[in-house]
Amino acid sequence: MKPVAFEYDDPRTVEEVLDLLAEHGDEAKLLAGGQSLVPLLNFRIVRPARVIDLNGVAELAGVREEDGTLRIGALTRVRELEAGGQPLVADALRHAGHPQIRSRGTAGGAVAHADPASELPAVLLALDASFSIRSARGGERTVAARDMFVGPFTTQLAPHELLVEIAVPPLPPRTGAGFAEAAPAHGAFATAGVAATLTLDEDGTCAQATLAVLAATATPVRLGGAEASLVGRRPDEAIDDAAAVAAREIEPMANERIGGDYLRALVAELTRRALREAAA
Amino acid sequence: MTRREDVAFLQGTARYVDDVAVPGTLHLAFVRSPWAHAEVRSVDADAARRAPGVVAVVTAADLEGLQPLRGQPHIPDLETEFVDTPHPLLAVDRVRYAGQSVVAVVAESRELAEDATELVAVDYEPLDAVVDARTTPPANVVFRSAESAGDVEGAFAAADATVSASLHIPRLVAAPIEPRGLLAQYDADDDLLTITFSTQGPHGPRRVLSQSLGRDPALIRVVVPAVGGAFGSKSAIPPEGVVCAWLAIELGRPVKWIEDRLENFLAAYQGRGMDVDAELALRADGRILALRARVVGDAGGYLYPQGAMLFQRSARMFTGAYDVAAAAVEVVGTATNKPPNGPYRGAGRPEAALVAERMIDHAARELGLDPIEIRRRNLVRRDAFPYRNALGMTYDSGDYERCLDDAIALLPLDDWEARRDASPDERPIGIGVATIIELTGGASEAAAVDVDEGGRVVVRTSATAHGQGHDTTFAQIAAEELGVPLEQIEVVYGDSSLVPAGIGTFGSRSVSQAGSALVEALRKLPRDTRPARSEATWESPPLFSSGAWLAVVEIERATGRLNVLRVVAVDDAGRIVNPLLAEGQVVGGALQGLGQCLTEEVVYTEDGQPLTITFGDYTLLTAAELPDLETGFVETPSPWNPLGSKGLGESGAIGLPPAVAGAVADALSRFGVRHVDFPFTPEKLWRLMNP
């Protein structure tokens, strides 16, 4: 379990990274926290000719707030997000691996790696986050979370592009959030998880809901049917129905070790739990 | 008293085998079979030999004259039909499990060696694989034995009731945090081969190396550095280790093989792996009249390091802590296309405890008796020791009912029974009990003691610490016996050139056997302050510790998640030298036992492809999963050694699983479930509760 030999770059600025990607993007991998890339290198599942280390690019790290929007630098450690800022993010990231992993792992790395079982992409999807992406040739573009995740371990990012920032808009007034996950053990990969937000009208009915599922599906997905089923109803009357809709609408990622019917049942229960927490 | 050896471990200064850096060391990597079963038609290693940094590429043809590895085939006094199936050092013309080593590549770095393994072309002709030990063809039977005592047929004919059950106990990996590894160095001037090896005792590996290499054991030195856990999985030298040693001699340079996690999952021997059909003959009052059982052991591709031994010994303990007059067991081992079977924490004892405890639970349900009451009616009584069980194992000492009483007092049982009875179908609660025996001790260990003019005492023991805390425990034994401060005692272990020969540290034997040898050596010293030296060995039959475990679980019907709400354990390991370390053994074993309950299972496809090859596929529990666990101790001294000690190292792995299994069956009884095999994964439990 030793990686194939590769060239190593240690840039200091985003501009340098973009130049390296413009030249070598097709054959390079970006190293952030390394919590996913390094095992993949060691298993020789990925065999990049170059590894571009982002850890020296100070401008990529850190969280700031701008008009209520949380702007998270791609190199911000997961542990830092867990410790403060957005409550749903913090709640979900407690489930992301072990503390040692979260101390190294980064927000941008979790998004760009797009492991279906990863907590952060699903939470960002539920929060209608967006991603700032830069490249030497194309300048900067913004991709909504809804459009970002196209398949297992696959995003909209092109080989010459760099994810630089994650923007999390503020939650509307009278909005609660909840997160529920099932995993074989603390720190293990999730079997399924659901992130939820629930916005109430002044009369206590649901004005809007967001629901995103992780691990049970090939990519993090929004549960549009379940979200719609909640609108205009009181949460305590609508949550069980929403859970049932969620179970029906997902395409479960079953395999030889886990059944699709179980994943549906699990998503129903986790939807129920996440919504109850959001409504509380 | 806290462990005095921990500073180096906590500060990261302890030296493990991979930390031992010798200039000029070469590194070893293996080409491993991608097939579970295949003929090896040819090997083309020319490109690998020309690759950068490569020093040698070796196949089985280069190892002619070396002996393949044979384990202890079967219990010596038990007549056994046996097919000699040694493990080749490298595959000769056939591979029998995916991951078996076929070609060895030696290079200037591990990276270069791995690069070169990709250039080796092996022509395989795949063959059908045999994976499920229960359905193997008759030709795959590699050992068979049967023994019985008492009138088993008569007991079944006269029984008021009988119960029967089939249990499947999956294979597990030991998964020590440090995988296996060794550094081999050869000194041509002295013709001395020195092996720095992450193992559980220096003398056993030296003997196997001597046999395989055809080398005088006096010309082999085995040094054990700091060891990052073993749990039985480092008791034997692996084939790769022998190849590494041979290469160091052939090449005249140090050669290192540090197993990585993938290799450990693919090729390290695996524990458990046993199917049991068992029956009990019962009297209406719950007394067990006879046990009958058939064992199918999943032997894997080769009978090394153990063969039939663990399965046969396990079967002799199927009557557990209960007084059963008649028993008959048949043990069959079947070859499968998987790595060999070998010892893992408990090594046959957890399997036996599961059989005994599940069967008596079935008996309780069949007869409408309380699970605790039926145990009381069958436990070996405190005045019956030494007690010889039906299949010839002699239990030296114990007070099984007292352990049970103490455990019930810790729970407390009445409150939990009320909570269980009131628990809703959406969250049923179950209570399980296990009254277990633990085969410990046995065979010989040795000690040597030197006292210098200053009164400093050097203790050399054949036991070899790899996490147990021998440095503290053996110093305590010596300090107490001599009446000198602990700081005056130095403890030396893990070097065949320094310590007297013994078996090593496994099977919960170190305090009772090596500790007793130490006491004997200390008692030979003159009772004054003169410099002196003494040596002693200690040998005894096995000693039987015991314990009572109670577990309370709750299962979420919506998700199938199992929550362990409370566990209490009262163990009797005779005299306890260090209570903190004793509790640590129980707690650590319990967490490993809980892993067997909840998540752990080695999984292969029908073609013999392993699906559990990373910690992402094979979930180990961490301290975060430790349930509310309370321990207690009863000290019934063993009459068979000067310390009065019995062993404790496997108690948790033996006692917790059947207690939790009983609790799960209890919780699911309202769903018509009688038995569930390990592991209790959420999906499995969900299906049982939501049919």
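A: A:Arg174 is partly exposed, because its relative accessible area is 46%, and the term covers values between buried (under 20%) and exposed (over 50%), computed with a 1.4 Å probe on protein chains only. The model is a predicted one, in which local features need pLDDT of at least 70, side-chain atom pairs count only at pLDDT 80 or more, and totals for chains, interfaces and linings use all residues. Residues are numbered from 1 along each chain as its sequence is written, chains are lettered from A and ligands numbered from 1 in the order in which they are written, and side-chain values use heavy atoms, with hydrogens and water left out.

The loop that holds A:Arg174 runs between strand S10 (162–168) and strand S11 (175–182) of chain A. Helices (H or I, at least four residues) and strands (E, at least two) are DSSP runs, numbered from the N terminus. The backbone of A:Arg174 has a phi near 55 degrees, a positive value in a residue other than glycine. Most residues other than glycine have a negative phi, and most peptide bonds are trans.

In chain B, B:Asp191 also has a phi near 55 degrees, again positive in a residue that is not glycine. B:Asp191 sits in the loop between strand S10 (181–187) and strand S11 (192–197) of chain B. With a relative accessible area of 28%, B:Asp191 is partly exposed.

Two peptide bonds of chain B are of the cis kind. The bond between B:Tyr304 and B:Pro305 has an omega of about 15 degrees, and B:Pro305 lies in the loop between strand S15 (288–300) and helix H8 (309–315) of chain B. The bond between B:Leu411 and B:Pro412 has an omega of about -20 degrees; B:Pro412 belongs to the loop between helix H11 (400–410) and helix H12 (413–422) of chain B.

Back in chain A, A:Asp240 is part of helix H10 (residues 235–249). A:Asp240 is partly exposed at a relative accessible area of 44%. Leaving aside neighbours within four places in sequence, A:Asp240 is in contact with A:Arg272 and A:Arg276, where contact means heavy atoms within 4.5 Å. The C-alpha atoms of A:Asp240 and A:Leu230 are separated by 9.8 Å, and these residues are 10 apart along the chain.

Outside the four places on either side in sequence, the contacts of B:Ala443 include B:Ile503, B:Arg509 and B:Trp538. B:Ser540 is another of the contacts of B:Ala443; the C-alpha atoms of these two residues are 5.6 Å apart, across 97 residues of sequence.

Two helices of chain B show how buried residues are arranged. In helix H17 (residues 682–689) of chain B, the buried residues are B:Glu683, B:Leu685, B:Trp686 and B:Met689. Seen down the axis of H17(B), these residues fall within an arc of 165 degrees, so they line one face of the helix; the arc is that of the directions from the helix axis to the C-beta atoms. The buried residues of H17(B) pack against helix H11 (260–279) of chain A, together with strand S22 (532–555), strand S23 (562–572) and helix H16 (651–668) of chain B.

In helix H3 (residues 110–117) of chain B, the buried residues are B:Arg110, B:Ala113, B:Glu114, B:Ala116 and B:Thr117. They cover an arc of only 160 degrees around the axis, which puts them on the same side of H3(B). Among the elements that the buried residues of H3(B) pack against are strand S1 (26–32), strand S6 (101–107) and helix H7 (261–267) of chain B.

As for the chains as a whole, chain A contains 11 helices and 14 strands, and 53% of its 280 residues count as buried. Its C-alpha trace spans about 60 × 45 × 30 Å along the principal axes. Chain B contains 17 helices and 24 strands, and buried residues make up 63% of its 691 residues. The C-alpha atoms of chain B fill a box of roughly 75 × 70 × 45 Å along the principal axes.
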